[in-house]
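Please read each point with the coordinates open.

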Amino acid sequence: MTAMTYRTVAGLLVTVVALYFVGKRLLMLYRLGKSAQPVEPGRVAGLGPHVQAEFVEVAAQRKLLKWTVPGIAHFLTFWGFILLGLTIIEGVGALFNRDFSIPFVGRQPWLGFFEDTIGLLVLASVIIFSAIRIQHSPKKEGKKSRFWGSHLDGAWLILFMIFNVVWTLFLYRGVQYANGHFPFDSGAYLSESIGKALNGLSHTTLDVLENVTVVLAWSVILIFLVIVVNSKHLHIGAAIANVAFSRRPRALGALKPVYSGGKLVDFEDPGEDDLMGRGKIEDFTWKGFLDFASCTECGRCQSQCPAWNTDKPLSPKLLIMSLRDHALAKAPYILAPDDEHREHLREAERSEGERPLVGTKDENGVIDPDVLWSCTTCGACVEQCPVDIEHIDHIVDMRRHQMLIESAFPEEAGVMLRNLEHAGDPWGRGASKRMEWAEPLDFEVKVFGDDGEEKIPDDVEYLFWVGCAGSLDEGAQSTTRAVATLLHQAGVNFMVLGGAETCTGDSARRIGNEFLFQMLAQQNVETLNEAGAKRIVVTCAHCFNALANEYPQLGGTYEVVHHTQLLADLVAAKRLTPVEPVHARITYHDACYLGRHNRIFVPPREVLGAIPGATVTEMERRLTRSFCCGAGGARMWMDENLGTRVSHNRAAEALSTKPDVVTAACPFCIVMLTDGVAAHLGPDPAKPVEVVDIAELLLRSVRTPATAGAPAADSRGGTIP
Ligand code: SF4
Ligand code: SF4
């Protein structure tokens with residue numbers, strides 16, 4: 001055999017061995033994915049959004065580049081590896097033909113230059129990644145490190161392998177150059193330099209070296225491939241598919257209804273075998289499995305999670321990792337050909353098949369109930385995740401099973417659920433109290449049906465959806481009055497539903513009680529459709545989300561605007577004129593369900609910006625990175641006994657801007673921030689800080705010809721210092 005044949009045989013041999021292991025693993029993963037539940041209809045329909053997502057999220061690395069330094073390093077590695085594919089083609093070609101070059105362009109100096117430069121950039125990215133990992137190591141930063149809980153050894157192994165890929169690449173290219181079998185006469189500056197350093201070696205030595213290094217470089221790539229498919233770096237391939245099949249534009253806003261076997265569950269007549277959420281790992285869809293396989297363990301989600309940042313046991317990263325590890329550990333059990341094999345695995349103490357999906361440590365549960373119920377569904381994890389994992393959907397699906405099948409949920413939330421069922425609001429006050437908020441007003445608020453009308457009259461511009469908090473919570477009533485007064489002053493003809501309104505069901509849905517959500521939502525959709533509602537204005541971010549994004553799932557499609565949007569429009573149209581100065585430092589909190597979930601960032605700031613005298617300061621965590629107030633995901637109705645309070649954390653940040661007023665545009669945020677600010681300032685602060693909705697601030701500043709001389713502020717707000 002010639003040296004060339006040895007090289008070819010050795011190359012083929014390592015290829016066959018590596019592909020055997022890679023293929024075996026991929027086949028197992030494919031079978032595992034295939035055993036999962038089908039996705040909901042529409043998920044894979046239409047090519048356009050999937051292709052667009054590939055360009056934006058994968059090719060342009062949009063989300064990763066938001067984190068500048070690690071983003072650039074990842075961009076370089078990702079594109080570097082793709083472009084280094086050219087050198088891999090050359091390397092594989094060299095296994096068969098030592099003078100191989102890529103057809104047409106393979107001998108152009110610019111290609112050699114390009115390949116060497118890309119190799120160097122990949123090397124630079126390895127150094128940057130290493131520096132980031134050292135700087136933010138869990139040993140140094142503890143639980144604050146986004147890498148806390150990640151497989152650190154695995155990550156270092158991958159960096160080491162990338163380093164090996166690059167140095168073996170340059171070595172074989174250098175040897176090729178020295179031995180006269182390099183495709184490029186010039187351009188490949190680094191390979192040439194290495195080759196020149198080897199010039200003193202004999203031809204025989206170089207022949208041997210060339211054979212060894214060509215096979216070595218290819219073997220390193222194959223070993224890398226085997227490691228990738230057996231580690232969290234599976235994300236390299238999985239993430240590309242995951243991005244393509246993720247909910248567009250993002251898995252925020254509406255929750256998905258309950259699907260079983262890819263079909264919508266009819267809650268009026270559910271099938272006997274219908275899955276109500278996820279009770280075991282096999283209940284997840286293949287997209288769920290793809291999510292688990294795609295997690296890079298980067299910890300971006302964890303670093304933004306309000307639960308994790310207040311010492312709760314929930315980390316979205318660890319949750320996804322636990323589900324992935326459990327799915328892989330249970331795979332032999334899931335893929336066992338029959339019950340006999342399954343029994344055998346059980347007897348052999350492969351107890352993974354026995355673990356409850358949700359259970360305490362003592363029960364050997366995969367996800368602890370404290371983890372599951374700590375989520376505020378704020379969406380920070382989904383927003384940050386560079387591979388578009390849908391954390392909230394998985395969390396709510398597991399909650400659904402706990403709620404609907406196991407009846408296992410935080411006890412204290414039971415009061416809220418019973419009240420919703422019997423009185424249509426979380427406090428159990430009932431429909432008769434829903435118009436009390438309007439009593440102090442000096443103008444009449446039209447209530448649908450009071451004059452016997454069966455349809456909302458055409459001249460009514462907006463149906464004002466007041467919401468449970470806006471109707472019944474003393475603080476939020478003040479905002480409702482402010483909005484009603486502003487609409488009245490602007491000459492907007494509006495109407496309310498009064499006692500015909502019932503809770504939108506947001507909390508019921510997010511706690512997992514889909515049955516109750518459907519009941520409430522259907523009742524509201526019926527009322528709204530019968531009344532012929534078209535345009536709705538709403539003050540609560542949660543009501544907004546339900547009405548705008550979730551009611552269409554039940555046949556209720558309306559044009560829904562948040563009060564900050566409408567107020568901003570009215571100011572812009574000069575139907576409201578803020579003239580009275582409000583001399584105050586004001587900081588604005590982005591409600592999760594207004595900002596992140598619904599992208600309403602600008603109108604609240606426009607309203608504040610229009611108030612003369614006001615100095616608006618921004619918090620560090622704002623816009624898409626805003627920090628939750630702690631009320632979402634039905635957390636408003638649960639005790640917060642673990643760690644510190646989310647609302648206190650947010651209030652501390654708000655107070656760090658030295659404000660006179662902390663403002664928001666959601667009644668739940670106002671409640672939580674009021675509590676947080678009070679906790680920080682104590683009962684008798686030297687400098688009080690007011691927490692109030694934007695609408696009330698605007699009202700203090702607005703004078704219209706009709707109302708000049710009338711009291712500008714609502715009774716609750718008091719005066720701004
Ligand atoms: S939705 Fe918010 S609270 Fe829930 S896991 Fe994600 S970041 Fe944490
Ligand atoms: S879930 Fe997404 S953001 Fe969180 S660690 Fe995994 S890849 Fe990173």
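1. **Overall description.** The model is predicted. Its protein chain comprises 721 residues, of which 56% count as buried. The chain holds 28 helices and ten strands. Its C-alpha trace spans about 100 × 65 × 50 Å along the principal axes. Among contacts between residues at least 6 apart in sequence, 76% join residues at least 24 apart.

2. **Aromatic pairs.** How many aromatic pairs does a search of the whole structure find? The search returns 15 aromatic pairs. One of them joins Phe289 and Phe292, whose ring centres are 5.9 Å apart and whose planes meet at 35°, so this pair is classed as tilted. The angle falls between the limits of 30 degrees for stacked and 60 for edge-to-face. Both residues belong to helix 10 (residues 286–294), where they are three residues apart, about one turn of the helix. In general, an α-helix has 3.6 residues a turn, so residues three or four places apart point the same way.

3. Trp427 is placed in the loop between helix 18 (413–423) and strand 3 (462–465), and Trp637 in the loop between strand 8 (614–617) and helix 26 (646–655), so the pair ties together parts that are 210 residues apart in sequence. Trp427 is partly exposed, with a relative accessibility of 32%, whereas Trp637 is buried at 13%.

4. **Further aromatic contacts.** Tyr177, Phe182 and Phe184 make up one aromatic cluster. Charged side chains also lie over rings. The charged end of Lys143 sits over the ring of Trp148, 5.3 Å from the ring centre. Arg278 lies over the face of Phe284, at 5.8 Å from the centre of that ring.

5. **The largest cavity.** The count of cavities of 30 Å³ or more comes to 13. The largest cavity holds about 140 Å³ of space. Which residues lie nearest its centre? Of its 16 lining residues, these are Cys468, Cys503, Thr504, Cys543 and Phe668. The elements that give two or more residues to this lining are helix 19 (468–472), helix 21 (506–511), helix 23 (541–550) and helix 27 (667–681). Helix 19 gives the most, with three residues. By class, the lining of the largest cavity has ten nonpolar, five polar and one charged residues.

6. **The second largest cavity.** This cavity has a volume of about 120 Å³. It is lined by 14 residues, and those nearest its centre are Thr87, Ile88, Leu169, Tyr172 and Ile221. Helix 3 (68–96), helix 6 (152–179) and helix 8 (203–229) are the elements that give two or more residues to the lining. The largest share, six residues, comes from helix 3. The lining of the second largest cavity divides into eleven nonpolar, three polar and no charged residues.

7. **Helix 9.** Which residues of helix 9 (residues 235–245) are buried? They are His235, Ala238, Ala239, Asn242, Val243 and Ala244. The buried residues of this helix pack against helix 2 (47–59) and helix 10. Helix 10 is also the element in which Phe289 and Phe292 lie.

8. **Arg599.** This residue is found in the loop between strand 7 (584–588) and helix 25 (602–609). With a relative accessible area of 27%, Arg599 is partly exposed. Leaving aside its neighbours within four places in sequence, Arg599 is in contact with Arg250, Leu252, Glu383, Leu594 and Thr624. The C-alpha atoms of Arg599 and Asp269 are separated by 36 Å, and the two residues are 330 residues apart along the chain.

How values were computed. Residues numbered from 1 in each chain as written. Chains lettered and ligands numbered in written order. Predicted model: local features only at pLDDT ≥ 70, side-chain atom pairs only at ≥ 80, totals over all residues. Heavy atoms only, no water. Phe/Tyr/Trp six-rings, centres within 6.5 Å; stacked < 30°, edge-to-face > 60°. Helix = DSSP H or I, 4+ residues; strand = E, 2+ residues; numbered from the N terminus. Buried < 20%, exposed > 50% of the residue type's maximum accessible area, 1.4 Å probe, protein only. Lys NZ or Arg CZ within 6 Å of the ring centre and 35° of its normal. 1 Å grid on protein atoms, 1.4 Å probe; cavity = no way out; pocket = protein on both sides within 12 Å on 5 of 7 lines; lining within 4 Å. Points joined across faces, edges and corners; volume = space filled by probe spheres on them. Nonpolar A, V, L, I, M, F, W, Y, C, P; charged D, E, K, R; others polar. Contact = heavy atoms within 4.5 Å.
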